[in-house]
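Colleague: I would like to go through the ligand site and check each term against its cut-off.

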Amino acid sequence: MPRATLITNIGELVTNDEQPGREGGPLGIVRDAAVLVEHGEVTWVGAAADASAHTPESGVELVDAGGRAVIPGFVDSHTHLVFGGDRAEEFAARMAGRRYEAGGIRSTVAATRAATDDELRARLTGFVAELHAQGTTTFEVKSGYGLSVADEERLVRLAREVTSEVTFLGAHVVPFEFREDPRFDGDPVAAGDAYVDVVIGEMLDACAPHSRWIDAFCERGAFSPEQSRRVLEAGRDAGLGIRVHGNQLGEGGGVRLAVELGAASVDHCTFLSDEDVAALASSDTVATLLPGVEFSTRQPYPDARRLIEAGVTVALASDCNPGSCFTSSMPFCIAVAVRDMNMTPAEALWASTAAGAKALRRSDVGALRPGMRADLVELDAPSYLHLAYRPGVPIVRRVWAAGAPMA
Ligand code: NIG
Ligand code: FE
């Protein structure tokens, strides 16, 4: 790598660093801009005309953005990318009118357990290339399709090979060997309680060393608020940060539990009571909305405007998984959030970058200012508005992660 890279002739630079004289409020837009990158970090941002005064005299690679827009790399704070098989048939049945239910997860569990490490790794590596090509430079990956001590350990270990943002989601659903265990006599609560004992015992011990986060699917058909609390508290006691899947299929208590436990993020937030919104508004917990899920399950979209107007920090993420939403595209999520959730293009971009970083409690990504990791995306467009204006078009032209060209 050259000692420094100067990306110049940027028609519209979104910094997410609001300053006097910049446009777009929180987006901190600089026109006719340049960014200097050294040792993987942004070291200077400003008007292209001023760049030479800040640029080293030698060893600088010049990149001409040709008047196009440059934005911070997307931060996708919610994915499930380690799995075997797919559920295209389930998707087709849904599009023919069947409802989405959490139970489909078990078929992915069977396919994942049957896959070798190398098969899972090859798939995962393919998804990572897909993410980079679409402008995602920071991403979280959850386990949750292993659901045995050995398989969950495998999934977090493989996830750790591609990201530091690994989430242990042993509490995704209760696996069939517990649900069908005659000891529980068909009682799903007893089966769930017994499975939670394993999740917070041997499974947590095996997975915590590879993980940064603990998560639980707090929902009818998955885990009750009481069971989720046991999982999340045990994870916290093992040194993990908390995130929650909540309120996806109904007002299940997940949001209030997340806020009470100081979770970094509660994800889905599709069905919220006034109390849930008030709890989020008075907390540091980010509400992460996953528009691809509602798109792919034909559920109603979450009410982003209600959350934003209440003062809640709203992030967008893909939730890329084989069941409820199999897109890895943040531009697609932005387009849906703008078109169908009434977010402005500016809110949707901020939610996919700066707020995604907040959802992962990261202060080194999500904005372009000196000291931040040099994660940049050049769009094949003059403005970030084209992310929503040109849905489905491959609009990402070049990507740098920590200053290194990725795509
Ligand atoms: O985030 N909600 C729980 N987990 C995933 C779905 C997983 C699946 O259906 O395989 C989600 O939507
Ligand atoms: Fe999810």
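Colleague: What makes S324 and ligand 1 a polar contact?

Modeller: A polar side-chain atom of S324 is 2.5 Å from an oxygen atom of ligand 1. A polar contact is a pair of N or O atoms within 3.5 Å, so the pair qualifies. The protein also covers 100% of the 330 Å² of accessible area that ligand 1 has on its own (Shrake-Rupley method, 1.4 Å probe).

Colleague: What is the basis of these values?

Modeller: The model is predicted, local features need pLDDT of at least 70, side-chain atom pairs count only at pLDDT 80 or more, and totals for chains, interfaces and linings use all residues. Side-chain values use heavy atoms, without hydrogens and water, residues are numbered from 1 along each chain as its sequence is written, and chains are lettered from A and ligands numbered from 1 in the order written.

Colleague: Why does H80 count as a polar contact of ligand 1?

Modeller: A polar side-chain atom of H80 lies 3.4 Å from an oxygen atom of ligand 1, therefore the pair is inside the limit. For Q248, a side-chain N or O atom is 2.7 Å from a nitrogen atom of ligand 1.

Methods
Polar contact = N/O pair within 3.5 Å; in protein donor to acceptor, adjacent residues only side chain to side chain.
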